Amino acid sequence: MAGISLRLKNWWQDRGVQQTPGEQRVSQDVLHLFRLRREHRLLRMRIDGVEGEFQTLLLEVDLRGQRLLLDEPFPLPLPLEAMAGRRVQVSSNEGAASTRFESRVYGKALVHDESLLSLEMPASVNAAQRRNHYRLAVDDRTQVEAMVRSAGVGNLPARVLDLSSKGIRVEVQGHHPLPENSVVPLFLRLGAEQGMLCELRVRSLHLRSFTDDITLLGGQFDGLNPPQLQLIERFIVRCQRSQRQRELALAP
C-alpha cells in the first residue's frame, strides 16, 4: 500500500508541475506551503527590527518566480516599501504543530490592484501535517446567496452556513430527504460577482423537528471550472481578512 501511495504522489507531482531538464520534483517543503495557501491558514509574522507580531495570509506560491505572495501584514506600522531586505519569521496558528519558516522580503508587489508582500522562497519549512480545507463561517455581514433545486419542488432559497473551496453547508426551509451521494443543482453568488451554476453532491443531511421545518444540507461541489474555484478562494480570503480585522479592532 505504501508503494502505491508513493507512486500516486509522484504521478500527481509530475502531472501538476511542468519540469524542464535538470529541474527537481516539487519538494515536500513547497507542498507544505501550498497546503497553507489552500487551507487559508492565518499566519503570524515577526519582522526583524520591528516590534510586535503581525497577522497575514499566504495568497500565492510562485514557483516560476521563486517567491511567496502574502497579504499585507496587519496592523503594520511601516509601509510595505520599507520592509525590503528585512528578514521575517512566519508561523501558522496551529498550536504546537504550527508550520514555520524564515524568509527575506523582496518588497511590495501589486497584483490585481492589491498591495501584497513578496518574500523569497524559504530554504526550508518546518511543517505540520494537516489535510482539512479551511471553512469560512458565514455571518450576516458575508454577502453570499445560494439556491438549490429539488425535484418536484423547484428552486429553494438557501441560507449559507459555511463555505470552502470544496463544498458548502446550507439551510433550507422544509423537509427534503435526499439520499447520500445524490446530486442537486446549485446556484451560488459571492458578493458582487456574477452567479455560478454547478452541482452539489450531498454528503450530509439533517432534518430538524417538524416544528422547525428546516433541512441542513452539506455537500461537495461538482462541475466548477478553475476560474470559478479561484473566485471562491479569493472570496474566502477577502472575507477572512475582513473578519480578522474586525476581531483585532474589537480586541482590548
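Which residue in strand 6 does Lys 108 stand opposite? Lys 108 faces Leu 117 of strand 6. The model is a predicted one.

## The barrel

Six strands make up a closed barrel: 6 strands in the order 1-2-3-6-5-4, with antiparallel pairing. On average, neighbouring strands of this sheet are turned by 50° against each other, direction ignored.

Strand 5 takes part in two of the pairings described here. With strand 4 it runs antiparallel and is joined by 5 bridges; in this pair, Val 88 stands opposite Ser 103 of strand 5. Strand 5 is also joined to strand 6 (residues 114-120), by 6 bridges and again antiparallel. Strand 5 and strand 6 form a hairpin with 2 residues between them, and His 112 in that turn has a positive phi of about 50°.

## Helix 2

Helix 2 covers residues 28-39, which is 12 residues. From its first C-alpha to its last it reaches 16 Å, close to the 16 Å expected at 1.5 Å a residue. Just after helix 2 comes His 40, with a positive phi of about 55°.

Which residues of helix 2 are buried? They are Val 30, His 32, Leu 33, Arg 35, Leu 36 and Glu 39. The cover over these buried residues includes strand 1 (42-47), strand 2 (54-62), strand 3 (67-71), strand 4 (87-92) and strand 5 (100-111). Helix 2 packs on the sheet and touches strand 1, strand 2, strand 3, strand 4 and strand 5. The direction of helix 2 makes about 120° with that of strand 2.

## Two residues of strand 3

Arg 67 is found in strand 3. Leaving out residues up to four places away in sequence, Arg 67 touches Glu 60, Val 61, Asp 62, Tyr 106, Ala 109, Ser 118, Leu 119, Glu 120 and Met 121.

Asp 71 also has its place in strand 3. Asp 71 counts as buried because its relative accessible area is 4%, and buried means under 20%. Again not counting residues up to four places away in sequence, Asp 71 touches Thr 56, Leu 57, Leu 59, Leu 116, Arg 241 and Arg 244.

## The nonpolar cores

The largest nonpolar core has 28 residues. Those that touch the most other members are Leu 163, Ile 168, Leu 186, Leu 188, Leu 190, Phe 221 and Ile 232. At least two residues of this core come from each of strand 8 (144-150), strand 9 (154-163), strand 10 (167-173), strand 11 (183-190), strand 12 (196-207), strand 13 (214-222) and helix 3 (226-250). Helix 3 gives the most, with 5 residues.

Which residues are in contact with Leu 186, leaving aside its neighbours within four places in sequence? They are Ala 146, Met 147, Val 148, Ile 168, Met 196, Leu 197, Cys 198, Glu 199, Leu 200 and Phe 221.

Methods
Residues numbered from 1 in each chain as written. Predicted model: local features only at pLDDT ≥ 70, side-chain atom pairs only at ≥ 80, totals over all residues. Heavy atoms only, no water. Core = buried A, V, L, I, M, F, W, Y, C linked by side-chain atoms within 4.5 Å. Buried < 20%, exposed > 50% of the residue type's maximum accessible area, 1.4 Å probe, protein only. Helix = DSSP H or I, 4+ residues; strand = E, 2+ residues; numbered from the N terminus. Contact = heavy atoms within 4.5 Å. Expected span 1.5 Å × (residues − 1). Pairing = 2+ DSSP bridges. Axes fitted to C-alpha atoms, helices over the stretch in contact; angles between N-to-C directions.
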